[in-house]
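Work through the following exercises with the sequence and the model at hand.

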Amino acid sequence: MPRSAGTLLVLLALIVLWQGLHLLVGASSLASPVHTVTKLAALLATGEFWLNVSETMRAFVAAFAISLAGGITLGIVLGVRKLAGNVAEPILTTLYSIPKVVLYPLVLLCFGLGISAKIAFGVMHGLIPITLFSMNAIRQMKPVYRRTSQVMRLSASQNAFTVIMPAILPEIISGVRLGFSLTLLGVLIGEMFASQRGLGFMLTSAINIGQIDTIMAIALLLTVFAVTCNALMMRFDRRLTHR
């Protein structure tokens with residue numbers, strides 16, 4: 001069976017399951033697929049909705065860019081320097097396991113109620129997994145690559161761009177995929193707790209007044225965005241792996 005046909009079948013099954021749950025629990029608890037899509041189309045036609053989308057995307061893009069650059073750089077440094085990596089790994093793992101939401105009051109004290117707090121909270125979610133994946137990618141790199149670069153007497157820049165990066169890139173992309181989802185989650189949680197604009201704020205407002213269709217419409221939009229970006233990164237990963 002072609003992969004596209006399998007994906008389509010899974011999608012149809014999810015829609016049937018969604019409709020079945022809607023019939024089971026009622027419209028007051030779960031909007032139907034048709035009603036959700038109709039509500040999303042209505043939201044997309046309003047300027048206010050796009051202002052909230054823009055606010056969330058600005059915070060997310062900034063947080064993801066910081067997580068990406070900081071995580072890869074820190075991971076490579078810790079991977080190359082074995083002693084520093086051995087010291088930092090348990091610390092990072094412990095920090096990663098802490099529920100970040102308990103630290104959000106501290107984030108608000110440091111960054112205030114503006115977009116900076118949402119960016120910082122997104123970075124707190126996305127930076128560590130990208131760092132850990134990048135560090136482990138360096139550690140697990142086959143020794144033959146290093147020996148080959150030494151035999152060929154490559155310079156540091158040649159070694160980095162022609163040997164190390166191609167060897168560790170698939171592992172780093174796996175970390176980036178995880179960091180992408182967690183950064184988006186962090187930004188949305190930040191907006192839900194202390195913000196007056198953004199998709200997270202819209203979700204909280206809809207929950208408070210019981211607008212199920214709005215909640216479902218925003219959730220559908222975020223799901224489509226996350227799944228599409230993740231699928232593109234998986235496709236890029238497969239191309240690198242099979243090249």
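Contact here means heavy atoms within 4.5 Å. The model is a predicted one, in which local features need pLDDT of at least 70 and side-chain atom pairs count only at pLDDT 80 or more, while totals for chains, interfaces and linings use all residues. Residues are numbered from 1 along each chain as its sequence is written, and side-chain values use heavy atoms, with hydrogens and water left out.

**Exercise 1.** Describe the protein as a whole, from its elements to its contacts.

*Solution.* Begin with the elements, where helices (H or I, at least four residues) and strands (E, at least two) are DSSP runs numbered from the N terminus: the protein has 10 helices and zero strands. Next take the extent, for which the C-alpha trace spans about 70 × 55 × 30 Å along its principal axes. Of the 243 residues, 35% are buried, a term that stands for under 20% relative accessible area with a 1.4 Å probe, protein chains only. Finally, among contacts between residues at least 6 apart in sequence, 74% join residues at least 24 apart.

**Exercise 2.** Determine how helix 3 and helix 8 pack, and by which residues.

*Solution.* Two packed helices are described by the angle between their axes and the distance between the axes. The axes are lines fitted to C-alpha atoms over the stretch in contact, and angles run from 0 to 180 degrees between N-to-C directions. For helix 3 and helix 8 the angle is about 145°, with the axes 9 Å apart. The contact includes E55, F60 and F64 of helix 3, together with I168, F180 and E191 of helix 8, among others. Sorted by class, the contact of helix 3 with helix 8 comprises 15 nonpolar, four polar and two charged residues, where Ala, Val, Leu, Ile, Met, Phe, Trp, Tyr, Cys and Pro count as nonpolar, Asp, Glu, Lys and Arg as charged, and the others, Gly among them, as polar.

**Exercise 3.** Is E55 buried or exposed, and which residues does E55 contact beyond its neighbours within four places in sequence?

*Solution.* Locate E55 in helix 3, which covers residues 47-80. Its relative accessible area is 12%, so E55 is buried. Leaving aside neighbours within four places in sequence, E55 is in contact with I115, K118, E191, R197 and G198.

**Exercise 4.** Find the angle at which helix 8 and helix 9 cross.

*Solution.* The axes of helix 8 (residues 156-193) and helix 9 (residues 199-209) come within 7 Å and cross at roughly 50°. On the helix 8 side, the contact is made by L188, E191 and M192, and on the helix 9 side by L199, G200, F201, T204 and I207.

Methods. Buried means under 20% relative accessible area, exposed over 50%, partly exposed in between (1.4 Å probe, protein chains only).
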